[in-house]
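Me: I am new to this structure and would like to go through it step by step. Could you start with the terms and then take my questions?
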Amino acid sequence: RPALVWFRNDLRVHDNPALHAACETGRPVVALYILDEESKGPRAPGSASLWWLHGSLKTLQANLEGLNIPLVLRRGPSQRIVAEVAGEIDAAEIHWNRRYDGGGIELDKALRSALKDDGRTVTSWNGNLLVEPFEVKTGSDGWYKVFTPFWKAARETIGTPRQPYPKPKATSGFKNPLESENLDGWGLLPTKPDWAGGMRETWTPGENGARQRLQTFVDEALTRYRDHRDEPGEEVTSRLSPHLAFGEISPVTIWHVASSSDNPASDSSVQKFLSEVGWREFSYNLLFHFPDLGRRNFQEKFDAFPWVSDDAALTAWKKGQTGYPIVDAGMRQLWQTGWMHNRVRMVVASFLVKHLLIDWREGEAWFWDTLVDADPANNTASWQWVAGSGADAAPYFRIFNPILQGEKFDGDGHYVRRYVPEIAGLPDKYLHKPWTAPTSVLKDACITLGKDYPKPIVDHDKARKRALAALEKTKQ
Ligand code: FAD
């Protein structure tokens, strides 16, 4: 009787604990992926994620084929389909890697007991985190709500992570033919209009691309990571986020490759990088203990925040037409490539929430639909962090100044000129605040504000004061 591996957000053959365990049994192995748009609970992927999923599954299918493991693709409610496939092949055991969102956990629990009732063994594994949320506890048996003490305790628990599992050896193969849907028939790729051109140019979805990207990052960029990671015009960060979101590479593998003594980076750059990977662990810790992270304010007092409904401003933000170049560059990078640099994510999110007073859930939903790395823990935790409603140790209300942020982190204008080409001709001095440029300078650069590029949709100083006044409502 075969072993069944149910793949979810762990689309890889290297260092995959569930797959590794199934292959170790010596039984024939069958792999299953379900496109589940029906079950309540796990959040349905956004459009950019579906585009990525197509490429990721193509690679997984090919990699599993090399191990004599068929990948069965089915569409429908997970609970019914796992039970059906397990029945069709009479699986003796079923393996999967755990997830940490409330809906996913509930679904897995229900499925586990149904499969056990059918006489099948179910084993779940930690495939996606260095340390699972229930393993890190405060001195009083609670859970951490602040990153620094969390990461300190987490590192003690992690110690040196286990070595990654190698790619399994080819299995004996499952002989009976199995019905599988056709990936191309799932319609995951956009056609009319095809908005994915910039994403195709930027990314190689799938495990092979993930491994390649990690190696290139460690060989070529990690050494500059500590000092330049905040500069969006530099390609210094790893860009592993979509690969991590789909589980094409494990944090355990990342840890070992980044800390390897073969790599040229200084220890401080490596530690800085690992602590960013630690933020991902922290987000999962928050989501696990506060499953409503995407829906409810982590700090209840924010329920009184006076959000504004302003469709025109929201549309200008989504389209990168706010008149603030760093904000517009970020939103256009997101639309074109499905990704945005972390520093700019903070600036655009702060702008939406603090300058426009639009509810963070609107921004979170737009990111969810357009990011290739949309992640149920990182996206919600980060939006709440920027909004001020989340888990943040800072005692003050952070309002990013989009002009100063642009000047500080994109001083040479490399980033803005790339994504907002209509103002590329402005001298650096005015690039992050075009409305301050004298008429003659605008003329030389062939720009009419309000025609070629918008005037700012809000005044920074006024917006700042308005945001501080709004914050007062949360204190009453
Ligand atoms: P690197 O700097 O190379 O970091 C390596 C890995 O560490 C990343 O791939 C990521 O998994 C993790 N990481 C880095 N920074 C953070 C962070 N601040 N919080 C949590 N994990 C982090 N990240 C997502 O993966 N998915 C999201 O949906 C997402 N939404 C965000 C929304 C907002 C408003 C903000 C401010 C941040 C968001 N982030 C999200 C976090 C961060 O911006 C990205 O993880 C990072 O930009 C990815 O680029 P990288 O892989 O080059 O990062």
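Reply: Helices (H or I, at least four residues) and strands (E, at least two) are DSSP runs, numbered from the N terminus. Two strands pair if DSSP finds at least two bridges between them. The model is a predicted one, in which local features need pLDDT of at least 70, side-chain atom pairs count only at pLDDT 80 or more, and totals for chains, interfaces and linings use all residues. Residues are numbered from 1 along each chain as its sequence is written.

Me: Which residue in β2 is the bridge partner of Ala3?
Reply: The partner of Ala3 in β2 is Val29. Strand β1 (residues 3-7) and strand β2 (residues 29-35) run parallel and are joined by 5 bridges.

Me: What is the strand order in the open sheet?
Reply: The order is β3-β2-β1-β4-β5, an open sheet of 5 strands with parallel pairing. At the edges are β3 (71-75) and β5 (121-125), each of which pairs on one side only. From one strand to the next, the twist averages 25°. Angles run from 0 to 180 degrees between N-to-C directions, and axes are lines fitted to C-alpha atoms, for helices over the stretch in contact.

Me: Which strands does helix α2 lie across?
Reply: Helix α2 (residues 47-65) lies across β1, β2 and β3, and runs at about 145° to β3. Contact between two residues requires their C-beta atoms, placed from the backbone, to lie within 7 Å.

Me: What does UniProt list for residues 1-130?
Reply: The unreviewed UniProt entry lists "domain: Photolyase/cryptochrome alpha/beta" there. UniProt annotations may be inferred rather than shown by experiment; positions are in the numbering used here and feature names are shortened. Over residues 1-130 the chain is 42% helix and 21% strand.

Me: Now the ligand. How many residues surround it?
Reply: The ligand is surrounded by 27 residues, and the closest are Thr237, Ser238, Asn342, Asn379 and Ser382. A residue counts as near if its C-beta atom, placed from the backbone, lies within 6 Å of the molecule.

Me: Why does the ligand lie between domain 2 and domain 3?
Reply: It lies between them because both domains give residues to the shell around the ligand. Helices α9 (241-245), α11 (267-289), α14 (342-355) and α16 (378-387) each supply at least two residues of that shell.

Me: Where is the cis peptide bond?
Reply: The cis bond joins Lys192 and Pro193, with omega of about -5°. Pro193 is in the loop between α5 (147-158) and α6 (197-202). Most peptide bonds are trans.

Key. Domain bounds come from an automatic or database domain assignment.
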